[in-house]
Each structure stands twice: as structure tokens, then as C-alpha cells.
Amino acid sequence: MSLTDDERSEIDRNLFITVSGPPGCGATALCIRLSEAMECPYVSGGDIFRDLAEDRDMTLTQLSAKAQESDAIDRALDRRLLSIAETWGTTNAPFILESRLAGWLAGNRADLRIWLDAPEEVRKARIGNREETAAEMSVREVNETGRYQSYYDIDLDDRTFYDLQINTARWSKEGVFEIARTAIEAYDSEEDEGAFETAAVELSE
């Protein structure tokens with residue numbers, strides 16, 4: 001009996017997975033496919049940021065500008081993400097957390113940490129129909145790098161601890177999913193000789 005496309009896409013693994021990368025990297029597309037295949041929820045830092053904007057009756061651009069003036073917004077977002085990571089890190093249930101800091105915040109609680117990226121011109125083209133412009137995207141990336149270095153001594157350019165890094169410009173969305181799926185399905189905790197450890201992130205008030 002042959003398997004249907006849906007059955008071939010199913011992933012039967014109780015793993016806590018983080019997905020990170022810059023704007024336009026394809027993280028949302030991958031998280032949607034993974035959550036469907038693993039039949040599990042996922043939380044996006046972008047969705048939380050949009051919730052914060054709505055709570056304050058602001059646009060994303062306005063909230064991003066406000067975040068550059070004060071660390072309160074960034075820290076509120078990061079505390080929520082850390083709380084989610086701490087909760088799901090103890091459940092032994094499949095879950096996906098997506099944000100620029102997801103890999104850092106989840107730390108060694110995560111079973112698999114994935115970094116997605118693509119050349120800047122590709123990412124700018126991908127966000128062409130979003131509220132945030134390409135120019136704003138570039139400014140936000142630079143500002144975030146400086147802010148997180150200042151807040152938590154985190155170097156966003158340090159990708160050495162990620163278990164899987166994918167240039168999403170080289171494959172289709174389905175191809176990126178298949179690469180991630182293969183890695184997830186091949187993971188065996190008994191054969192795991194150890195992830196690169198990261199120091200716990202201290203989120204002071």
C-alpha cells in the first residue's frame with residue numbers, strides 16, 4: 001500500500017525545535033510546514049511583536065522605532081519568549097519556537113536549533129509585500145544586533161551552536177522543509193553525543 005503525500009510528510013517526533021533567522025529568511029513558511037507535519041503548535045516572536053503593537057495601537061514601524069528608544073519593549077517580548085521556552089522545554093511534547101533569539105533563549109532546553117538565511121537581495125525581494133520596507137528591514141537588523149549585544153551580551157552573528165543551517169535561497173520552500181524533516185527524523189537521542197552549549201540568558205527587568 002503506498003503512502004499519501006500527507007502521510008509521507010508526517011513527522012512523529014517529540015522534539016522542541018527552534019527556528020531563527022533574519023527577516024525574509026523563510027522561517028514562517030518552514031514553521032507552518034513543520035507544525036502541520038508534527039501536529040504541534042508553534043509560537044512566533046513576530047506574532048508576539050504584532051500583539052504588542054496592537055495592544056499599544058501602533059504600527060510595526062512605530063513599535064520598532066519605540067523599541068530603539070527604550071529597552072522595555074524588547075525585554076517584554078524576550079521575557080514572554082523565555083517563559084514559553086521554559087514551559088515547553090519540560091513537556092516532552094513537540095513544539096516549535098521561532099524568533100531571532102529563539103535559539104539563545106531556549107538554550108539547552110531545545111532538542112534542535114535551526115538557523116535559516118538567504119542573501120540580502122533575496123530577502124528584500126521576499127518582503128516586498130509586507131508592511132515593513134526593505135530599508136526598514138536593514139535598519140532593524142543592525143539595531144537589533146547592537147541592542148541584544150548591549151542587553152544580554154549576545155552576539156547575533158554567532159551561529160556556531162545551531163545544529164542545522166540552511167541557505168533558503170538554494171531550495172524551494174518544500175525543499176527546505178524536506179531538509180529539516182530529514183534532520184528531525186534522523187535524530188536519535190541515544191546517538192546524540194552533545195549539542196554546543198550556550199550560556200543562560202539573563203533577562204533582568
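Student: What share of the contacts in the protein chain with a separation of 6 or more comes from residues 24 or more positions apart?
Tutor: The model is predicted, and its totals for chains use all residues. Among contacts with a separation of 6 or more, those between residues 24 or more positions apart account for 78%.

Student: How many helices and strands does the protein chain have?
Tutor: From the N terminus on, the elements run α-β-α-β-α-α-α-β-α-β-α-α-β-α. The secondary structure comes to nine helices and five strands.

Student: What percentage of the residues of the protein chain count as buried?
Tutor: Buried means under 20% relative accessible area. The protein chain has 205 residues, and the part of them that counts as buried is 43%.

Student: Is Thr-198 buried or exposed?
Tutor: Thr-198 lies in the segment after α9, a helix that spans 173-186. The relative accessibility of Thr-198 is 13%. The limit for buried is under 20%, so Thr-198 counts as buried.

Student: Which residue has a side chain joined to that of Thr-198 by a polar contact?
Tutor: Leaving aside residues up to four places away in sequence, Thr-198 touches Trp-104, Gly-107, Asn-108, Arg-113 and Phe-161. A polar contact of 3.2 Å joins the side chain of Thr-198 to that of Arg-113.

Student: What distance separates the C-alpha atoms of Ala-199 and Trp-104?
Tutor: Ala-199 is also found in the segment after α9. At 61% relative accessibility, Ala-199 counts as exposed. Ala-199 and Trp-104 are 95 residues apart along the chain, and their C-alpha atoms are separated by 8.2 Å.

Student: Which residues form one aromatic cluster with Trp-104?
Tutor: Trp-104 is one of the residues that Thr-198 touches, and Phe-161 is another. Phe-161 belongs to the aromatic cluster of Trp-104 too.

Student: Why do the rings of Tyr-148 and Tyr-152 count as stacked?
Tutor: The structure holds eight aromatic pairs. The ring centres of Tyr-148 and Tyr-152 lie 6.1 Å apart. Rings pair if their centres lie within 6.5 Å, and planes under 30 degrees apart count as stacked. The planes of Tyr-148 and Tyr-152 are at 20 degrees, so the pair is stacked.

Student: What separates Tyr-148 and Tyr-152 in helix α8?
Tutor: Tyr-148 counts as buried at 5% relative accessibility, and Tyr-152 is buried with a relative accessible area of 11%. Helix α8 covers residues 134-152. Tyr-148 and Tyr-152 are four residues apart in helix α8, so the separation is about one helical turn.

Student: Are the rings of Tyr-151 and Tyr-152 stacked or edge-to-face?
Tutor: The ring centres of Tyr-151 and Tyr-152 are 5.7 Å apart, with the planes at 70 degrees. Planes over 60 degrees apart count as edge-to-face. Tyr-151 counts as buried at 17% relative accessibility. The pair of Tyr-151 and Tyr-152 is therefore edge-to-face.

Student: What is the phi of Glu-39?
Tutor: Glu-39 lies in the loop between α2 (27-38) and β2 (42-44). Glu-39 is exposed, with a relative accessible area of 69%. Although Glu-39 is not a glycine, its phi is positive, at about 50 degrees.

Student: Where does Asp-57 lie?
Tutor: Asp-57 is not a glycine, yet has a positive phi of about 55 degrees. At 71% relative accessibility, Asp-57 counts as exposed. Asp-57 lies in the loop between α3 (45-55) and α4 (60-69).

Student: Which residue has its backbone oxygen 2.9 Å from a polar atom of the side chain of Ser-35?
Tutor: Ser-35 has its place in helix α2 and is buried, with a relative accessible area of 11%. Beyond residues up to four places away in sequence, Ser-35 touches Cys-40, Tyr-42 and Ile-96. The backbone oxygen that lies 2.9 Å from a polar atom of the Ser-35 side chain belongs to Ile-32.

Student: How do the residues lining the second largest pocket divide into nonpolar, polar and charged?
Tutor: The second largest pocket has a volume of about 150 Å³. Its lining includes Asp-111, Asp-163, Tyr-187, Asp-192, Gly-194 and Phe-196. The lining divides into six nonpolar, one polar and three charged.

Note on methods:
Residues are numbered from 1 along each chain as its sequence is written. This is a predicted model: local features need pLDDT of at least 70, side-chain atom pairs count only at pLDDT 80 or more; totals for chains, interfaces and linings use all residues. Side-chain values use heavy atoms; hydrogens and water are left out. Helices (H or I, at least four residues) and strands (E, at least two) are DSSP runs, numbered from the N terminus. Buried means under 20% relative accessible area, exposed over 50%, partly exposed in between (1.4 Å probe, protein chains only). A polar contact is a pair of N or O atoms within 3.5 Å; within protein, one must be able to donate a hydrogen and the other to accept it, and residues adjacent in sequence count only if both atoms are side-chain atoms. Contact means heavy atoms within 4.5 Å. On a 1 Å grid over the protein atoms alone, a cavity is a set of points where a 1.4 Å probe fits but cannot get out, and a pocket is an open set with protein on both sides within 12 Å along at least five of seven lines; lining residues have an atom within 4 Å of a point. Grid points are joined across faces, edges and corners, and a volume is the space filled by probe spheres set on the points. Ala, Val, Leu, Ile, Met, Phe, Trp, Tyr, Cys and Pro count as nonpolar, Asp, Glu, Lys and Arg as charged, and the others, Gly among them, as polar. Rings of Phe, Tyr and Trp (its six-membered ring) pair if their centres lie within 6.5 Å; planes under 30 degrees apart count as stacked, over 60 as edge-to-face and the rest as tilted.
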